[in-house]
Amino acid sequence: MGKMVKMFGFILVTTTLVMGKATWNETRITLQALENCLQEQARLRTQVYLLETRVKQQQVKIAQLLHEKELQFFDKGEENSVIDLGGKRQYADCSEIFNDGYKQSGFYKIKPLQSPVEFSVYCDMSDGGGWTVIQRRSDGSENFNRDWNDYENGFGNFVQKNGEYWLGNKNLHLLTTQGDYTLKIDLADFERNSRYAQYKNFKVGDEKNSYELHFGEYSGTAGDSLAGNFHPEVQWWASHQRMKFSTWDRDNDNYEGNCAKEDQSGWWFNRCHSANLNGLYHSGPYTANTDNGVVWHTWHGWWYSLKSVVMKIRPNDFVPNVV
C-alpha cells in the first residue's frame, strides 16, 4: 500500500509543479483521501479475515459439540423407529421382551436393573429369539476409531436395521452384571460364507476396572480367537481373557506401544490381538502397516477384513416362551 501511495504522490507532485502552486492544496487533499481509502481497504481485509477465522472456529466447535453430545438417534424425527411397547413395563434386556410376547426384531427400549435410564437397543428375535445386539459392523459407514468417552457411552446408528453401532461399555457392564450371559458373534465374509463363535459367561467389568473382559467356554464354527488358544505359543500375547479395554487415548494393553492407536480402534487388546471386531473396514484381503482390519484370526487370519459382524448377548439360562 505504501508504494502505491508514494508512486501516486510522486505523479501528483510532479503535476502540481507543472501546473503551479494553485493546485497544491487540491493535490494534498487527494493524497490524503487516497491514503485513507487504502487504509480502510486494509482494515476491511483484516476484519474479513478475522470474521472468516471466527466462523471456522465456530464450525470446529459445533462439530466438537455434536461429536461429544452424539445421540443414539440422528434426529428426533426418527424416534418412531423404536417399537412402542406402550409403557407396559420396563425390560432388563431383549430376552424379557421376547418372552413377553414381542417376536419382531427391531429397536426397543430397555433398562437394565442398575441402569439409571432407559436406552435404545436392537433386539434380534430370530436365532431362537431374545438377543440384545451390542455391536454391529455391516458396511463401514461408522467410524470405530473413537476415544474412551465414545466407547464408554456408545455411538453409531441406532435407527436403521443394519446400522453400525457400539452399545457402550457402560451399558455392557450394566447388562452383564445382571446375571450370566452368553455372547454370540455372527461373522460373514465377502464370499458369502458365514461362521459363528459363542461364549458362555460373558461379562464386562466396571469403569474402575477399565471394563475388563471375561468369558467362558467356547463353541461354534469360527474358531476361538478370543482365547487365542489356537496355538499354545501365542496364547500369552493373543488371548483377550481378562484384558482391559483400550482406546487411542486410554492405553490399557500389555504392549510396549499403543495397540488401539496402531490398529485404529477400541478393543480389549493384549499384545495386540487375535480378534479385533472394531477394526478398520477393509473389503476382504488388505495390506497395511498393522493388522488393523475387522479381524477374526481363526477364520481368515490377520490380513482379511470381514464383511459383517454382529455381537449379541442373552442369558445363559434363556428358555424361549413359545406360548
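Reader: Which strands each supply at least two residues of the lining of the second largest pocket?

Author: This is a predicted model, in which local features need pLDDT of at least 70 and side-chain atom pairs count only at pLDDT 80 or more, while totals for chains, interfaces and linings use all residues. Residues are numbered from 1 along each chain as its sequence is written, and side-chain values use heavy atoms, with hydrogens and water left out. A pocket is an open set of points on a 1 Å grid over the protein atoms alone, where a 1.4 Å probe fits, with protein on both sides within 12 Å along at least five of seven lines; lining residues have an atom within 4 Å of a point. With strands taken as DSSP runs of E of at least two residues, and helices as runs of H or I of at least four, numbered from the N terminus, the suppliers are β2 (119-124), β3 (131-137), β6 (181-188) and β14 (308-315).

Reader: What is the volume of the second largest pocket, and which residues are the closest to its centre?

Author: Grid points are joined across faces, edges and corners, and the volume is the space filled by probe spheres set on the points. The second largest pocket comes to about 240 Å³. Of its 16 lining residues, the closest to the centre are Tyr122, Asp124, Arg136, Asn162 and Val310.

Reader: How do the residues of that lining divide into nonpolar, polar and charged?

Author: Ala, Val, Leu, Ile, Met, Phe, Trp, Tyr, Cys and Pro count as nonpolar, Asp, Glu, Lys and Arg as charged, and the others, Gly among them, as polar. On that scheme the lining of the second largest pocket has 6 nonpolar, 5 polar and 5 charged residues.

Reader: How many disulfides are found in the whole structure, and what pattern do they follow?

Author: A disulfide is a pair of cysteine sulfur atoms within 2.5 Å. The search finds 2 disulfides. With bonded cysteines counted along the chain, the pattern is 1-2, 3-4.

Reader: Why is the disulfide of Cys94 and Cys123 left-handed, and which parts does the pair tie together?

Author: The sulfur atoms of Cys94 and Cys123 lie 1.9 Å apart, and the disulfide is left-handed because the torsion about its S-S bond is about -75°. The pair ties together parts 29 residues apart in sequence, since Cys94 lies in helix α3 (residues 94-98) and Cys123 in strand β2.

Reader: Where do Cys259 and Cys272 lie?

Author: Cys259 and Cys272 form a disulfide with S to S 2.1 Å. The pair ties together parts 13 residues apart in sequence, because Cys259 lies in helix α7 (residues 259-263) and Cys272 in the loop between α7 and β10 (275-276).

Reader: Is the peptide bond from Arg271 to Cys272 cis or trans?

Author: Omega of this bond is near 0°.

Author: Buried means under 20% relative accessible area, exposed over 50%, and partly exposed in between (1.4 Å probe, protein chains only). Tyr211, in the loop between β7 (194-204) and β8 (213-214), has a positive phi near 55°, and Arg242, in the loop between α6 (235-238) and α7, has a positive phi near 60°. At 2% relative accessibility Tyr211 counts as buried, whereas at 54% Arg242 counts as exposed.
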